[in-house]
Amino acid sequence: MIEASAGEIFLRRLAANGIEYLFANGGTDFAPVIEGFAHAQVADFKVPTPILIPHETAALGMAHGYYLATGRPQAVMVHTNVGLANCVMGVLNAASDQVPMILASGITPHTEHGPLGHRNSPINWGQNMRDQTAMVREPVKWDATLSRPEQIAPLVDRAVAIATSSPRGPVYLGLPREALCEVTTYRDSKPRNAAARAAPHPEDLAEAARLLDAAERPLIVAFRTGARGGGFEALTAFAERHAIPVVEFWPSQLSIDGASPMHGGFDPGEDLAAADVVLVLDAIVPWLPHRHGFAEQATVIQAGADPHQLEVPLRGFATDLALTGESAHIIAALDEAMRARTPARDRSARFARLAERHAARRAQLDSAVRAGPPMSAAFVTRAIVELIGAEGCIVSELGAKPEFVTGLRGDQFFQNPISGGLGWGLPAALGVQLADRDRLVVATVGDGSYMFANPVACHQIAEAHGLPLLTIVYNNGIWGAVRGSTLGIYPKGHAARANVMPITSLEPLPDFCKIAQASRAWTARVADPAALADTLREAARVIREEKRQVLVEVKVARH
């Protein structure tokens, strides 16, 4: 039994729960936390490693990426309401991607004099809010505010349990400075806060297996099955064993091997129109209602940790049967149930038909890989895939295209969450790199996404913490997503005929290489497709031998 401040106990309890890093952007509320870190240095007790992050967006993105790479949640702490305001977009991304993390922020002192930690600066009045938590209450799974120091240990335990229970997601702790400064007794102990894991009802699972087994034209639509729990391998084997096509629609992770004959591409339109049974795996948006239709008699099975996607207020996709659980576990259970059914069905003809279609689709994609100049995004993506080989990882935000990463595993490609909070890719890649400093990690980002990421802060983080990340900026000089959306709604409108579409041009662009050079990065600019492969190989050499971050700016076509 010891006596310690709540700020120190906060750190001790995070470590007791297996939290390895506290990504922090400090402020005036951090004094008891900083004192706790300093005490740990001399008293040698376990606390998370502090990682100073000069912008909150980067802190959330790094915690997000670290979880994607490891499956282990981390913690972020920021400064009162102003720091929390910069966190909101990252929290939206984490919630959309079901990424658990512990987000904490200071709360401006409640007292104007008296207790240790009372208000002592004009900003303590300027940052005072009636309900600071309201900024993040909707996207987080749970929130609480520390009132008394003896609450801090059970609050941290509860936060970790809720964040890691199905469906996973971010949680929030508000930490007033006076409460963090107060001293209380504490005893180190093993947390007793097991995460809750969901599983489908046996009757529903059996019915789903029966429906899929009897289906003539089944379809699986997957969104993020691949990185955790062997889902990538399980779904690939399941689809091939039962001859079921898998379409990845707007995937944030790879769910099936792109080289598998059962990979059905990235648009569900053709298969959905003909399907008699559709299994939706953890997809917020399995298809677009205005563009994709399915037969009225088709049965739709929604499956995942949150099959009804409760975080989305308006979502009208059919659900004839719901299976609650982790997608990898559901696939394994369905596979076992279908293989146990007798008599076994001969699906060789369906497999052959789907394999032939897959080969034709791959050939069509291959024809789209245009060298240029300017280079196509597909051409650049293929070059990066060749560079990273069997062990590297791509983190893409409007950069590398999932259609062209054939041969990568589920833990080798991560794409921006469907929530669309820009600036995610570069800091998320830093988090993946932090998980393995020797792994070749490539952040592929559009020029706009790069600027959104606070690149000065991100390159400083890479240098300060020895993270030899390779950043590749796809430079096409426009907001491509905004342009594409406008053309989708007004394909023959005035904007489509304009020489320069309003609110889409990023010209004149800054010199991206000089931004990275400010943090001693090795940089290169490539416009000639013949120089791309050699430049990437040299970039990999610099990373491998000099342990130094690299930025390569690549000129790509706008279409």
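**Figure 1. Helix α13 and the elements it packs against.** In this predicted model, helix α13 runs over residues 377-388, twelve residues in total. From its first C-alpha to its last it reaches 17 Å, close to the 16 Å expected at 1.5 Å a residue. Look for its buried residues: Ala378, Val380, Thr381, Ala383, Ile384, Val385 and Ile388. What do these buried residues pack against? Their partners are the strands β14 (393-397), β16 (441-446), β17 (470-475) and β19 (550-555), along with helix α20 (532-546).

Figure 2. Now find Gly399 in the loop between β14 and β15 (413-415). Is Gly399 buried or exposed? Its relative accessibility is 0%, so Gly399 counts as buried. Not counting residues up to four places away in sequence, Gly399 touches Thr381, Thr444, Val445, Gly446 and Tyr474. One of these, Thr381, is also among the buried residues of α13. For a sense of distance, take Asp29, which is 370 residues from Gly399 along the chain: the two C-alpha atoms are separated by 38 Å.

**Figure 3. Thr535 in helix α20.** Thr535 is found in helix α20, one of the elements that the buried residues of α13 pack against. Why does Thr535 count as buried? Buried means under 20% relative accessible area, and Thr535 counts as buried because its relative accessibility is 14%. Leaving aside neighbours within four places in sequence, Thr535 is in contact with Trp522, Ala524, Val526 and Val552.

Figure 4. In soluble globular proteins, nonpolar side chains tend to be buried together. Here the largest nonpolar core has 52 residues, and those touching the most other members are Phe23, Ile53, Met62, Val76, Leu103 and Leu430. Helix α3 (residues 56-70) gives the largest share of this core, eight residues. Apart from this core lies another, of 36 residues, including Ala4, Leu11, Ala104 and Ile152. Back at Phe23, the residues touched include Ile51, Ile53, Met62, Val76 and Leu434, not counting residues up to four places away in sequence.

**Figure 5. The second largest pocket.** About 510 Å³ of space lies in this pocket. How many residues line the second largest pocket? There are 21, and Ala95, Ser96, Pro139, Glu311 and Val312 lie nearest its centre. Helix α4 (residues 80-96) supplies the largest share of the lining, four residues. Sorted by class, the lining has eleven nonpolar, five polar and five charged residues.

Notes: Residues numbered from 1 in each chain as written. Predicted model: local features only at pLDDT ≥ 70, side-chain atom pairs only at ≥ 80, totals over all residues. Heavy atoms only, no water. 1 Å grid on protein atoms, 1.4 Å probe; cavity = no way out; pocket = protein on both sides within 12 Å on 5 of 7 lines; lining within 4 Å. Points joined across faces, edges and corners; volume = space filled by probe spheres on them. Helix = DSSP H or I, 4+ residues; strand = E, 2+ residues; numbered from the N terminus. Nonpolar A, V, L, I, M, F, W, Y, C, P; charged D, E, K, R; others polar. Core = buried A, V, L, I, M, F, W, Y, C linked by side-chain atoms within 4.5 Å. Buried < 20%, exposed > 50% of the residue type's maximum accessible area, 1.4 Å probe, protein only. Contact = heavy atoms within 4.5 Å. Expected span 1.5 Å × (residues − 1).
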